[in-house]
Every structure is written in structure tokens, then in C-alpha cells.
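Colleague: I'm new to this one and would like to learn how to read it. Could you walk me through it, feature by feature?

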Amino acid sequence: MSHVVKKRKLDKSRQDRIYFDSYTDVTIHEEMIADHVRMNTYRTAILKCSEWIRDKVVLDVGAGTGVLSIFCVQAGARKVYAVEACSIAEQAENIIKQNQMDDKIEVIRGTVETVELPEEVDVIVSEWMGYALLHESMLDSVLYARDKWLTKPGGIVLPDRAELYITPIMEPVVENRLHFWCTIKDQYGVDMSCMSEFARKCIKNSDITVNTVTVEDVLSHPVRFAELDLTTVTVEQLRSLKGHFRCDSFGSAVVNAFCVYFDVSFSCPEKPVVLSTSPFQPETHWKQAVLYLDEPVEVIQDTAVSGEVSLFPSEHSARHLCIHLEYRIGEVKQESKTFSIPDWTSEDQL
């Protein structure tokens with residue numbers, strides 16, 4: 001007998017427990033450490049900022065395996081407080097001891113909102129970015145730490161700037177999946193083309209799909225629709241982040257989705273170091289956020305594509321990201337659709 005379970009809003013402690021539990025397994029840390037763009041950019045940025053870090057006190061928010069804390073010691077930090085809420089903190093301690101840095105790095109188990117540090121800090125470093133930048137809302141914790149512990153004059157946040165971009169795309173894989181049902185009759189003598197509509201509803205739903213977008217998929221120059229200064233932005237501003245966009249299509253094609261991605265930058269002394277998740281740059285584990293349209297729209301050279309993007313937390317869980325998209329393509333009437341990251345809590349957990 002089937003039944004429908006109505007989702008209810010998770011209280012904050014439940015949201016946090018589920019979130020931190022997801023970081024107790026080796027798989028997610030393997031994925032992050034194997035991301036060469038992520039690792040090389042952070043290491044390069046921290047070492048290039050060594051004149052700001054040397055002989056200073058650093059706070060690593062969400063330290064994970066402790067690798068950023070180690071980079072900071074390599075850059076000359078006098079002391080690093082590596083704050084980590086989940087059990088991976090035990091492995092961080094082992095790694096730090098193995099690298100003979102336990103005299104300079106202190107691992108503190110707990111959330112940054114609940115732990116106490118013995119002193120103020122000069123620098124905050126964190127790798128807080130989630131899918132489409134704000135999924136998991138770890139930036140909230142970085143801002144809390146900034147306001148509580150980064151109180152010395154000239155305090156530094158690394159990275160200190162973030163930008164969000166959007167561009168229309170033609171994602172061929174989804175169209176191939178929809179066409180698949182029209183090929184069955186030729187192969188097996190059974191007409192299953194009626195499945196195409198069902199497949200369309202399943203695939204082109206309201207999920208934010210995390211996928212790799214290739215350069216060939218992109219149909220216009222990307223447009224920056226939001227920018228965050230991490231030295232001044234507030235948690236309240238993150239609750240409703242929005243911006244407008246307008247671009248022109250490159251040529252004749254079919255728009256079946258929009259792609260959202262982010263860049264973060266480190267304002268190092270000589271020049272900024274940028275970590276980009278753009279389709280035009282090497283792939284990262286963040287990939288891109290793909291927002292499928294209900295119906296594809298044909299465009300020609302210089303067709304105008306415009307609209308507004310809004311990012312906000314889900315009502316069900318504040319750590320889950322929602323994106324509301326209002327858009328107009330050419331002369332087609334304005335459309336709107338709200339997307340969300342698929343829920344990583346099952347009904348039997350509620």
C-alpha cells in the first residue's frame with residue numbers, strides 16, 4: 001500500500017546534524033582533495049598572501065582534514081585554530097601530527113558558533129562554497145566567525161570576494177534522453193514514444209541539477225548577476241540574493257536550460273588569485289548548476305535573453321538552496337520557475 005508522507009520543516013539542530021554527518025565519510029574528502037583546481041588555487045593564494053599571514057593568528061573555519069591550516073603554517077602563520085564540527089577532526093589531528101605541525105595548529109572540535117578561542121585572530125581562511133555557491137549555507141558560519149573573532153585592525157578573510165554568473169545553454173544529454181524513447185520501435189518493434197512526455201516531466205523537473213557544462217553548450221557570454229564582498233556582507237543579505245541579467249545569443253540554437261556558476265577570489269598583495277567554476281575553465285568538483293526549462297526555446301544570432309535570478313534558503317531546511325528564475329527569451333512571453341537542490345534527507349529520517 002502506497003502512502004504520501006508530508007515533509008515537515010527540520011529544526012536547526014536536525015539540519016546541522018545531517019549536514020555534519022555527511023562529512024564523516026572519506027568519500028567527500030577524497031573528492032575535495034582530488035580537485036586539483038580547488039587545492040592548487042587555495043595553496044597558491046595562501047602562499048601569495050604570506051606577508052599577511054606570517055607570524056599571525058589564523059582561524060580555519062570548517063577545517064575538514066586540516067589541509068588549509070597546513071598551508072597557512074607553510075605560509076608562516078604563528079598559530080592556526082582549525083575548527084571542525086564533525087568527526088573528521090580526529091583525522092585532521094593525525095595529519096597535522098604526521099606533518100609535525102601540532103605545535104602550531106590546534107584542532108578544536110565543534111561549530112564555530114559554539115567554540116571558544118583563546119584569542120582574537122588576524123586571518124580567517126575557509127573553503128565554504130557549496131553547489132551554486134550558497135548550498136549548505138556554510139558562509140553563514142564564516143560571517144559569524146568574522147564578526148566575533150576577526151576584530152583586530154586589518155583583519156583578512158580568504159577568499160574575500162565571490163561572484164555569481166548565469167548563461168543560457170543547450171544541454172544535449174537531456175535531449176538525447178528524451179529522444180531515446182522514440183528509438184525503441186526501430187530496435188525492438190515496440191513503440192514506446194509515449195514515454196517521452198513522462199521522461200520530460202521526470203528529467204526537466206524543478207531540481208537544481210549539478211552537472212558538467214561544456215564550452216560547446218554555452219549560448220552566450222555569461223553575465224554576472226551578483227557579487228559578495230565577504231568583508232562586509234551580512235547573513236541577512238544572503239537570505240535573499242538576487243540580480244538581473246541580459247545577454248545575446250551567439251547564433252541559431254535551442255535554449256533548454258540555464259547554467260549558474262561562481263568564482264571566488266583572493267585579493268593577494270600583487271594581484272588577485274581566482275578560483276573559477278566557469279564552463280570555460282578546468283572542471284572542479286562543484287561543476288555547474290543546471291536549471292532545465294519546461295520547454296526549449298529556439299534562438300538566432302543576437303536573440304535577447306534577460307531576466308532575474310533569486311537565491312534563497314528552502315523552507316524545509318535552511319541549508320538547502322532554492323533558485324527562482326524569471327526569464328524572457330526573444331519575443332516569447334516571460335516565464336518563471338523555482339528550482340531547489342534535491343533533498344538529501346529521506347522520509348524515514350523525519
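**Reading the model, piece by piece**

Modeller: Lys 148 sits in helix α7; helices (H or I, at least four residues) and strands (E, at least two) are DSSP runs, numbered from the N terminus. This is a predicted model, in which local features need pLDDT of at least 70, side-chain atom pairs count only at pLDDT 80 or more, and totals for chains, interfaces and linings use all residues. Residues are numbered from 1 along each chain as its sequence is written, and side-chain values use heavy atoms, with hydrogens and water left out.

Colleague: Does Lys 148 count as buried, exposed or partly exposed?

Modeller: Buried means under 20% relative accessible area, exposed over 50%, and partly exposed in between (1.4 Å probe, protein chains only). Lys 148 has 31% relative accessibility, so it counts as partly exposed. From C-alpha to C-alpha, Lys 148 is 9.6 Å from Val 121, although 27 residues separate the two in sequence.

Colleague: How do I read the sides of a helix?

Modeller: An α-helix has 3.6 residues a turn, so residues three or four places apart point the same way. Now take α6, residues 88-98: Ile 88, Ala 89, Ala 92 and Ile 96 are buried there. Looking down the axis of α6, these buried residues fall within an arc of 100°, so they line one face of the helix; the arc is that of the directions from the helix axis to the C-beta atoms.

Colleague: Which exposed residues are on the face of α6 turned away from its buried side, and what covers the buried residues?

Modeller: The face turned away carries Lys 97 and Gln 98, both exposed. The cover over the buried residues of α6 includes α2 (26-33), α5 (67-74), β2 (79-84) and β3 (105-109). Just after α6, Gln 100 has a positive phi of about 55°.

Colleague: And how do I read two helices packed together?

Modeller: Two packed helices are described by the angle between their axes and the distance between the axes. Here, α8 (residues 172-180) and α10 (residues 195-203) pack at about 150°, with axes 8 Å apart. Axes are lines fitted to C-alpha atoms, for helices over the stretch in contact, and angles run from 0 to 180 degrees between N-to-C directions. α8 and α10 are therefore roughly antiparallel; angles under 35 degrees count as roughly parallel, over 145 as roughly antiparallel, 65 to 115 as roughly perpendicular and the rest as oblique.

Colleague: Which residues of α8 and α10 meet?

Modeller: From α8, Val 174, Arg 177 and Leu 178 meet Ser 196, Ala 199, Arg 200 and Ile 203 of α10.

Colleague: What about the core?

Modeller: A nonpolar core is a set of buried Ala, Val, Leu, Ile, Met, Phe, Trp, Tyr and Cys residues joined through side-chain atoms within 4.5 Å. The largest one has 93 residues, of which Leu 59, Trp 128 and Leu 133 touch the most other members. Apart from it lies another core of 13 residues, including Ile 169 and Ala 257.

Colleague: Where is the cis peptide bond?

Modeller: It runs from Leu 158 to Pro 159, with omega near -5°. Pro 159 is in the loop between β5 (156-158) and β6 (161-169).

Technical notes: Contact = heavy atoms within 4.5 Å.
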